[in-house]
Amino acid sequence: MKDKLKKFLDDQFKPYGNFPARKEVEQELLANLTEKYQDLKAQGKSDDEAYRIVVNSFGNVSEIMNEVPSAGPDPKQQDELSWRKSFKEAFKSARRSKSKFSMTELKQSDLSGISLAGQEFGFSSLEESNFGGSDLSGAKFSAADLRGSTFKGANLTGATFAGSDAQDVCFDRANLTDAQFKAVAFRGSTFAGATLDRTTFQHSDLGNVSFEGLTFDGTKFEGTSLKNTSFKGAELNDVSFRHSDVKHTIFDGAKMDKVTYALLKGAKAGLDNVEVR
């Protein structure tokens, strides 16, 4: 596998020729990728799964090259010492930054039980992928196709989803504290046992989704479709439904504070069988 990863790096740097420090940089990168690969193998990933995750998380070499001030259009013509120094600084900066999964094909991938904190999955194809139990805190899913995927038990604290398709997605037991969803489709998705403290749902479709028995603290539903959405037996504390149509939302048996009750009553929600505290 080390040879396969070495070939991957060779292909990545091929367009830049034999610039100064290339051998040194490739050796350090190879050691880093090999370590990631071995960690994934230790977590139970197959050879192909581990390799795919490693190379997809590598990012684009051009991003590193563009950060080299002395590189210019033709790195080979630059002063060797200044190039070597600039490249090392850019490389260190790239090592410190989060790797990206943007614009990648990851259908039916097994990304369960690993750390993906802060990763970016913009415009990625992630249908039927498994993120169960993974750390996705601060992750970003912009225009991502997540249909049929599972985030069961995942840590999605502070994660953001914008313009993504999350139909038939499993968020059961996921930690969605401070997560933000904007213009997301949730038809057929499940949230059993999920943590939704200060979660924001904005301009999203939550029609027919069940939130039964869950606790909501500081959760926001802004301009969101809640037709036939069920909050049966749920507990709502300081929850807002700004510009959301709640006339056909189900609150049977729910418990809520006086402010939330007043806001829902003003929006003409059906509140005949709720407990106000």
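A charge sits over a ring if NZ of Lys or CZ of Arg is within 6 Å of the ring centre and within 35 degrees of the ring normal. The exercises below use this predicted model.

**Exercise 1.** Which residue lies over the face of Y51, and at what distance from the ring centre?

Solution. The residue is K4. Its distance from the ring centre of Y51 is 4.2 Å, and the cut-off is 6 Å.

**Exercise 2.** Classify the pair formed by the rings of F131 and F141.

Solution. Step 1: the ring centres of F131 and F141 are 6.2 Å apart, and pairing requires centres within 6.5 Å. Step 2: the planes stand at 90 degrees, so the pair is edge-to-face. Step 3: F131 lies in the loop between helix 5 and strand 1, while F141 belongs to strand 1, ten residues apart. Step 4: F131 has 0% relative accessibility and therefore counts as buried; F141, also with a relative accessible area of 0%, is buried.

**Exercise 3.** Describe the aromatic pair of F151 and F161.

Solution. Step 1: the centre-to-centre distance is 6.1 Å and the planes make 85 degrees, an edge-to-face arrangement. Step 2: F151 sits in the loop between strand 1 and strand 2 and F161 in strand 2, so the pair ties together parts ten residues apart in sequence. Step 3: F151 is buried at 0% relative accessible area, and F161 is buried at 1%.

**Exercise 4.** Where in the protein chain is confidence lowest, and where highest?

Solution. Confidence is lowest in helix 5 (residues 80-96), with a mean of 58, and highest in strand 5 (residues 215-217), at 98. The chain averages a pLDDT of 85. Where pLDDT is low, the predicted coordinates should not be read in detail.

Conventions. Residues numbered from 1 in each chain as written. Predicted model: local features only at pLDDT ≥ 70, side-chain atom pairs only at ≥ 80, totals over all residues. Heavy atoms only, no water. pLDDT = per-residue confidence, 0-100. Helix = DSSP H or I, 4+ residues; strand = E, 2+ residues; numbered from the N terminus. Phe/Tyr/Trp six-rings, centres within 6.5 Å; stacked < 30°, edge-to-face > 60°. Buried < 20%, exposed > 50% of the residue type's maximum accessible area, 1.4 Å probe, protein only.
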